[in-house]
Amino acid sequence: MESATVALGHHAEEHHGPPEANQSSRIDKQTLGILLFIVSEVMLFGAFFASYFFLRVVVSPAAWPPHPYELPVPVAGVNTAILVSSSFTVHYALESIRRGNREGMKLGLLLTWMLGATFLFIQINEYVHLGFSARDLSFGSIFYCLTGLHGAHVFVGLMLLSFATIRAFRGHFGPKAEDHLGVEVPGIYWHFVDVMWIIVYVTVYIL
Amino acid sequence: MKISEDAVFRWVLIVGVAGASVIALTLLTRPLVGALWGLVLVIAACVHGYRWVRDWRRRSR
C-alpha cells in the first residue's frame, strides 16, 4: 500500500504543469502570434472606420470636413510617402540579413526608425496647427480617434524597431530564418501599420 | 502562399497601388467616383480573400 502511494506520488511529480502546446509545422509560433495580433487590430480599426462612415454618411453635416475646418492634405501626403518608404527600408533590412549583410540590416533598421519618427513628429506638428480639437463636433472626435489610434500604433512599432535596432547593433541576428525572427516580426507589424495608414489617409484626407 | 514578411510586403505594394488609383480618380473626377472605385476594390479584395481561404482549406484536408 505504502509503495503504491510512493509510486503514485512519483508519477504525479513527473506530470506537473500543463501539457506542451501543439505547434504548427507550417508557421513558427512568433509569426503566428503577430498575425493573430494583426487580425485583432484589423477588427479594432474596422470598428473605428465603421464609426467614421456612420458619422459621415448617416449623421452627415452638409460638408465634410464641416466649414471652416480644413485638413492639410499635402502635408499628410508627404507624411504618407515617408511612411510608405519606411516599408521599403525595413524590407531592405530583412533582405540584407537573409544574405548575411549585417551592415545593410543595420542601415535599413536605422532608416526605418528615423522615417517612422519623422512621420510621428509631422503628425504631432499637424495636430498642433490644425485649428480644431477632438471636442469640435463629431468630425473632430473621429478625426483624432482614427489618426490618433494609428499614431499609437506607429509609436508601438517604433518601440519594436528600437529593440530590433539595438539588438542588430549588438551583433544579434543571422541569415537563417529562425535567427532573424526579431527583425521579421517587427517588420510584419510595421507593414501592417503602413497599410492601415494608406487606408486612413485615403479615407479621411482624400475622399 | 507562405506567410512571411515578403508576403506582407507584397500586400503593402498592392494596397499602395490601389490607394494611389483611388487618389488619382478622386482628384481627376469627384470624391464619389473615388469612393465607389474604393468600394469595388474592397469587394474584389474580399472575393480574393474568400477564394484564398477556400483553396487553402481544401489543400490542407
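Predicted model: local features only at pLDDT ≥ 70, side-chain atom pairs only at ≥ 80, totals over all residues.
The radius of gyration is taken over C-alpha atoms, and the globule rule sets it at 2.2 Å times the number of residues to the power 0.38. A compact globule of 61 residues would come out near 10 Å, yet chain B has a radius of gyration of 15 Å. The C-alpha trace of chain B tells you how that looks along the principal axes, with spans of about 45 × 20 × 10 Å.

What is chain B built from? Its secondary structure amounts to two helices and zero strands. Of the 61 residues in chain B, 20% are buried. For the complex, the predictor reports an ipTM of 0.86 together with a pTM of 0.85.

Now turn to chain A. Here you will find six helices and zero strands, and reading from the N terminus the order is α-α-α-α-α-α. Chain A has a radius of gyration of 23 Å, well over the 17 Å that the globule rule gives for 207 residues, so chain A is more spread out than a compact globule. Its C-alpha trace spans about 85 × 50 × 30 Å along the principal axes.

How do the parts of chain A meet? Among its contacts with a separation of 6 or more, 78% are made by residues 24 or more positions apart. Buried residues account for 43% of the 207 residues in chain A. Chain A exposes about 11,300 Å², with 67% of it supplied by carbon and sulfur atoms.

Let's zoom in on some side chains. Over all chains, the structure holds 19 aromatic pairs. One of them joins A:Tyr52 and A:Trp64 in an edge-to-face arrangement, with 5.8 Å from centre to centre and 85° between the planes. This pair links distant parts of the chain: A:Tyr52 belongs to helix H2 (residues 29-58) of chain A, while A:Trp64, 12 residues away, sits in the loop between H2 and helix H3 (73-98). Are these two residues buried or exposed? Both A:Tyr52 and A:Trp64 are buried.

A last stop in chain A brings a charge and a ring together. A:Lys106 lies over the face of A:Phe169, at 5.4 Å from the ring centre.

Notes:
Residues numbered from 1 in each chain as written. Chains lettered and ligands numbered in written order. Heavy atoms only, no water. Helix = DSSP H or I, 4+ residues; strand = E, 2+ residues; numbered from the N terminus. Buried < 20%, exposed > 50% of the residue type's maximum accessible area, 1.4 Å probe, protein only. Phe/Tyr/Trp six-rings, centres within 6.5 Å; stacked < 30°, edge-to-face > 60°. Lys NZ or Arg CZ within 6 Å of the ring centre and 35° of its normal. Contact = heavy atoms within 4.5 Å. Areas by Shrake-Rupley, 256 points an atom, 1.4 Å probe, with all protein chains shown as cover.
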